[in-house]
Amino acid sequence: MRDDIRDAISLLNSHGIPAMRSKDPGYLVFEVGESVFRALLPADPTRAAGLLINAVGDRGKILDDYRKTIQGLGRFESLPADDVAWDDLFSNGDPVETGAVIFQSQGAEDHPISLDLLIMSDGTWQPDGFDSDREGTAADVRGYLSQWTGDNR
């Protein structure tokens, strides 16, 4: 086994993410919560392990940041995603959806507003199903939602 793969497995295990080499060469098996993933090994598995550890560890804090930021703006729920593609994050290094903010409010002229924002593992948000070129961070989500509600606080 290559040293970088061994290092990645050791790093994951030391951070509470059980991991081992798959029977298939080129794959790693790891567990997050109740789910087991089989991920293609990237060129730099140690870096991928670090990204995965940070994303898993930061998930709750990221959602809490969104809760705090939009408090008082309307009714909302912020939920962790049920099925997170941790294997995609490990294999590709791209952010994956780890949660959602489901936002409801009365907009201008009492039109009801319902928006779903996908919360990504890197802390950014993206609207679900519309406004697909938009994204941002917890720091600017209130401004984005305010444009729909007319609340410019």
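Guide: Let us begin with Asp-3, which counts as exposed because its relative accessibility is 52%. In this scheme a residue is buried under 20% relative accessible area, exposed over 50% and partly exposed in between, as judged with a 1.4 Å probe on protein chains only. The model is a predicted one, in which local features need pLDDT of at least 70 and side-chain atom pairs count only at pLDDT 80 or more, while totals for chains, interfaces and linings use all residues. Residues are numbered from 1 along each chain as its sequence is written, and side-chain values use heavy atoms, with hydrogens and water left out.

Asp-3 meets Arg-6 in a salt bridge, with 2.8 Å from N to O. The term denotes a side-chain nitrogen of Lys or Arg within 4 Å of a carboxyl oxygen of Asp or Glu. The two residues are three apart in helix H1 (residues 3-14), so about one helical turn separates Asp-3 from Arg-6. Helices (H or I, at least four residues) and strands (E, at least two) are DSSP runs, numbered from the N terminus. Arg-6 itself is partly exposed, at 41% relative accessibility.

A further salt bridge joins Arg-2 to Asp-4, whose closest N and O atoms are 2.9 Å apart. Both of its members are partly exposed: Arg-2 at 44% relative accessibility and Asp-4 at 24%. The whole structure holds five salt bridges. Among them is the one between Lys-61 and Asp-65, at 2.9 Å from N to O. These two residues lie four apart in helix H2 (residues 45-70), so they too are separated by about one helical turn. Lys-61 is exposed at 52%, whereas Asp-65 is partly exposed at 26%.

Returning to H1, we find Ser-10 in this helix, partly exposed at 46% relative accessibility.

Axes are lines fitted to C-alpha atoms, for helices over the stretch in contact, and angles run from 0 to 180 degrees between N-to-C directions.

E1 (residues 19-21) and E2 (residues 27-32) run antiparallel and are joined by three bridges; two strands are said to pair if DSSP finds at least two bridges between them. Within E2, Val-29 is the bridge partner of Met-20, and Leu-28 is that of Arg-21. Five residues lie between E1 and E2 in their hairpin, and Gly-26 in the turn has a positive phi of about 90°.

E2 pairs in the antiparallel sense with E3 (residues 35-40) as well, over six bridges. Leu-28 has Ala-39 as its bridge partner in E3. The hairpin of E2 and E3 has two residues between the strands, and Gly-33 takes a positive phi near 65°.

Together the three strands form an open sheet in the order E1-E2-E3, with antiparallel pairing. E1 and E3 stand at the edges with a single partner strand each, so one side of each is left without a neighbour in the sheet. Neighbouring strands of this sheet are turned by 20° against each other on average, direction ignored.
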